[in-house]
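Here is a briefing on one protein model. Read it with the coordinates open.

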Amino acid sequence: MRSLALLALLALEAAAAPLPAVKMPSGRLFMVIQPHHDDHTTDYGFGGLIARLVDEGWRGVYIRASNDEKDGAHGYALNDQINLKECLEACRILGIERVHSLNWRNDYMDPIPTQELRAQLILLIRLYRPDLVLGHDPWGHYDRNPDHRKVAWAMAEAVWMAGYAGVHPEHLAAGLKPHRVPYLFLKARVDYGRGHEPNVVVELNESQIARKQKAYSAHRNVYASPAMARAIRKQLAAEGLFVPELEGLNDQQAAVLIEEWYMEWISRKRGEENGLRYGEVYWFRDEFDHLPGLKDYLRENAVQP
Ligand SMILES: [Zn+2]
């Protein structure tokens, strides 16, 4: 969930040096490992990137680790069902083919042994053999959401450990092979804690932004609430103002349009900060980034045969 204070906080951000546009990795399958139903569509990342990956021929799988029971106003059981349904719809809009729900209890994940969640992720990584994993940055300065932290750490460990034959040998006995994930895109919120330190910007086009907008506002249980549009219109009316584009729309339609404007605005802001029209920013790692000196040496000294 995002805070309405985000708009004001973002406006106060100091201008930073532009980030380099990422050289998109090549591959066939990406895996999104996230705790919640909406994490693949948030303002701070993934909707546009997923749309671009699908445009470039990738296939996608979404792992939803929690049951989302506390996100929404319909009570635990119904929130779980509504949020999963809306997650599936957002995945359909973005072009993700499959969703696996691990159904751990939302916000009550601390008692789970990380090892158990990690084992599930190692199994799924070995089964799907993704070339690219998308998730929260476990090395971000601070994320107040306990599920984000828990799943990010389990993901980071699983991505590394899935490559070792000595880890969960029962998987190998059952016919799976170790798999090393070569690429990672990691995101983190910028509106609390100490923000994030992205190292790349991903350029997006209008069509990708349109899918990002639609996927985000598919989460009607937590976003695009008619009450939000009502409150905004009431506040504007109190100041003697109105927004022409909202006239003639009911509160639900107005709420969707406002959320779509918000997704367009944040994508344009991240793009313009980095010399592009639209963008999203990430911490990107490739398989050699843990050896930066060796990578530089090889690039400088490689020759054609
Ligand atoms: Zn989340």
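Helices (H or I, at least four residues) and strands (E, at least two) are DSSP runs, numbered from the N terminus. This is a predicted model, where local features need pLDDT of at least 70 and side-chain atom pairs count only at pLDDT 80 or more, while totals for chains, interfaces and linings use all residues. Residues are numbered from 1 along each chain as its sequence is written.

**The sheet**

- Seven strands form an open sheet, in the order S3-S2-S1-S4-S5-S7-S6, with mixed pairing. Two strands count as paired if DSSP finds at least two bridges between them.
- S3 and strand S6 (200-203) are the edge strands, each pairing on one side only.
- From one strand to the next, the twist averages 25 degrees. Axes are lines fitted to C-alpha atoms, for helices over the stretch in contact, and angles run from 0 to 180 degrees between N-to-C directions.
- Strands of a sheet pair through backbone hydrogen bonds, either parallel or antiparallel.

**Strand pairs**

- S1 and S2 run parallel and are joined by six bridges. Leucine 29 has arginine 59 in S2 as its bridge partner.
- Strand S2 (residues 59-66) pairs with strand S3 (residues 98-104) in the parallel sense, over five bridges. Tyrosine 62 has valine 99 in S3 as its bridge partner.
- S1 also pairs with S4 in the parallel sense, over three bridges. Here phenylalanine 30 stands opposite leucine 132 in S4.
- Strand S5 (residues 183-187) and strand S7 (residues 279-285) run antiparallel, joined by three bridges. Leucine 184 has arginine 285 in S7 as its bridge partner.

**Crossovers and helices on the sheet**

- S1, H2 and S2 make a right-handed β-α-β unit. Right-handed means that, with the strands pointing away from the viewer, the path from the first strand over the helix to the second runs clockwise.
- S2, helix H3 (residues 76-94) and S3 make another right-handed β-α-β unit.
- H3 lies across S2 and S3, at about 155 degrees to S3. Residues are in contact if their C-beta atoms, placed from the backbone, lie within 7 Å.
- Helix H5 (residues 146-161) lies across strand S1 (29-34), S2, strand S4 (132-136) and S5. H5 runs at about 155 degrees to S4.

**Helix H7**

- Helix H7 (residues 206-217) has twelve residues and reaches 17 Å from first C-alpha to last, close to the 16 Å expected at 1.5 Å a residue. The expected span is 1.5 Å times one less than the number of residues.
- Nine of the twelve H7 residues are buried, so H7 is largely enclosed by the rest of the structure. A residue is buried if 20 or more other C-beta atoms lie within 10 Å of its own, exposed if 12 or fewer, and partly exposed in between; C-beta atoms are placed from the backbone.
- The buried residues of H7 include Gln208, Arg211, Lys212 and Lys214. Their cover includes helix H2 (47-55), H3 and helix H9 (251-272).
- The axes of H3 and H7 come within 8 Å and cross at roughly 170 degrees. That makes H3 roughly antiparallel to H7, a label for angles over 145 degrees.
- Ala90, Ile93 and Leu94 of H3 make this contact with Arg211, Lys214 and Ala215 of H7.

**Burial around S1**

- Five of the six S1 residues are buried, so S1 is largely enclosed by the rest of the structure.
- Threonine 42 sits in the loop between S1 and H2. Threonine 42 is buried, with 21 other C-beta atoms within 10 Å.
- Threonine 42 and serine 217 are 175 residues apart along the chain, and their C-alpha atoms are separated by 10.0 Å.

Methods
Two residues are in contact if their C-beta atoms, placed from the backbone, lie within 7 Å. Angles under 35 degrees count as roughly parallel, over 145 as roughly antiparallel, 65 to 115 as roughly perpendicular and the rest as oblique.
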